[in-house]
Amino acid sequence: MAIRFWEIYEETKEKYKLRILAGKNGMDNVTGWVHMLEDETIINRFSGEELAVTTGMKAGNEGWLLRLVSSMKNAESTGIIINTGMYLKQIPEEVIDWCEAHDFPLLEMPWEISITDLIQDYCMRIMSQMHKERQEALLFERLLRGKEVPEDFLEDIGNRYNLDGTFRIFCLLPKYTAEEKVLFRQSVLKLENVFGLWQNGSKIRFPYFLIEVNDLYILAINDFPEEKAEELICQMKSIFSSFFERKLLSLGIGPACWGIHNLKQALGRARIAVQMSRQMGRPIVDFNQMGVFGILFSTEDPDILRSYADRLLGPLEEYDKIHYSDQGEGIGYVETLRSYIINDRSLIGVARSTYTHRNTVNYRIQNIKRLLNNELKTSADLFPYQIALCIRDMKL
């Protein structure tokens, strides 16, 4: 779990005589690094989560500080600490008001406090947290694989997680070039900012961990209520919108599983959902809504499924290959059968949904029955073909 600005602030506010002037509701954002900032032109190199410290050397230029904080906000930076007393005696009210209105943390520290000491201290804290996260990620990965972990690790994380509670996993499976991978990881950092543990603000406040395992990004949330899921999904759609729009991202959502030792099961079901998302071209798939596909995608041997569909649909597919290979008038026999099942054997329903004359539909259905050697009269007659069509939809 990444370090938050408020965590560093609470631990160092006395040491560096820090004072929050505005943007307190934004203090729950992740802090990735700390920069000395005297020139706003370098902000375009920021990737998000940067905390800046400035002496306000250029504050004599009219509107400079307001342009600086607004540029940082646009770059999704964490906040700014201004070292007042030399170049900037007092922070303008318009800057304070703007930061408060936009929840952008604006802090002040006196000139006699060493900027160098603060930046070095903060960067060391961030690096220490990053090292701790890497170590934790390895142990969480072991839990996800169903392997044992040291008991002291469970005792340590027991302060943050309800180990006997539920865990729900969201799997992100991206497709990207090397350049897009950088952009995707920046979006992943934004996803971390959806969550918060501070008492202020309106973020989703539930324990979570977010790790990357073989290009699969795994977000696991502890005791996450179902009613919050839609809110999170909407935010994920927004954060990763460019990847979803270009069909470069698949999101699979697993059901809630009880207990941290059942993370392997939780991950397995989320991976089934993301597999369906990838193979069937659906951007987001929830395991709880997969229906029969949840069973089919759980099959470890896809050849069994393929051979089943071949055996049932083979005669119709061969017919379509001969008579509809050039995309002639009307739909083929396979899709006619699908419509016949969907419309509960109603010839009128098939005619309406396929824009085909009822007499033509009747002729095709009779031919389909003959090719399949099946009267297709009952639900029991139709169900095997419904499953076979689902298997074809899986694009195995």
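Does Met130 count as buried, exposed or partly exposed, and at what relative accessibility? Met130 counts as partly exposed because its relative accessibility is 36%; buried means under 20% relative accessible area, exposed over 50%, and partly exposed in between (1.4 Å probe, protein chains only). The model is predicted: local features need pLDDT of at least 70, side-chain atom pairs count only at pLDDT 80 or more, and totals for chains, interfaces and linings use all residues. Residues are numbered from 1 along each chain as its sequence is written, and side-chain values use heavy atoms, with hydrogens and water left out.

Met130 lies in helix α4, a DSSP run of H or I with at least four residues, while strands are runs of E with at least two, all numbered from the N terminus. Together with Trp33, Met124 and Met127, Met130 forms a nonpolar patch on the surface. Such a patch joins nonpolar side chains (Val, Leu, Ile, Met, Phe, Trp, Tyr) within 5 Å, from residues with over 30% relative accessible area and no salt bridge. Helix α4, residues 115-144, gives the most to this patch, with three residues.

Helix α4 also gives the most to the lining of the largest pocket, with nine residues. Among the 28 lining residues, Glu133, Val188, Leu189, Glu192 and Leu210 lie nearest the pocket's centre.

The cysteines are a separate matter. A disulfide is a pair of cysteine sulfur atoms within 2.5 Å, and the count by this rule is zero. Cys171 is in no disulfide, as the nearest cysteine sulfur, that of Cys257, is 12 Å away. Cys171 is buried because its relative accessibility is 0%, and Cys257 is buried at 3%.

How values were computed. Patch = residues over 30% accessible without salt bridge, like charges linked within 9 Å, V, L, I, M, F, W, Y side chains within 5 Å. Areas by Shrake-Rupley, 256 points an atom, 1.4 Å probe, with all protein chains shown as cover. Salt bridge = Lys/Arg side-chain N within 4 Å of Asp/Glu carboxyl O. 1 Å grid on protein atoms, 1.4 Å probe; cavity = no way out; pocket = protein on both sides within 12 Å on 5 of 7 lines; lining within 4 Å.
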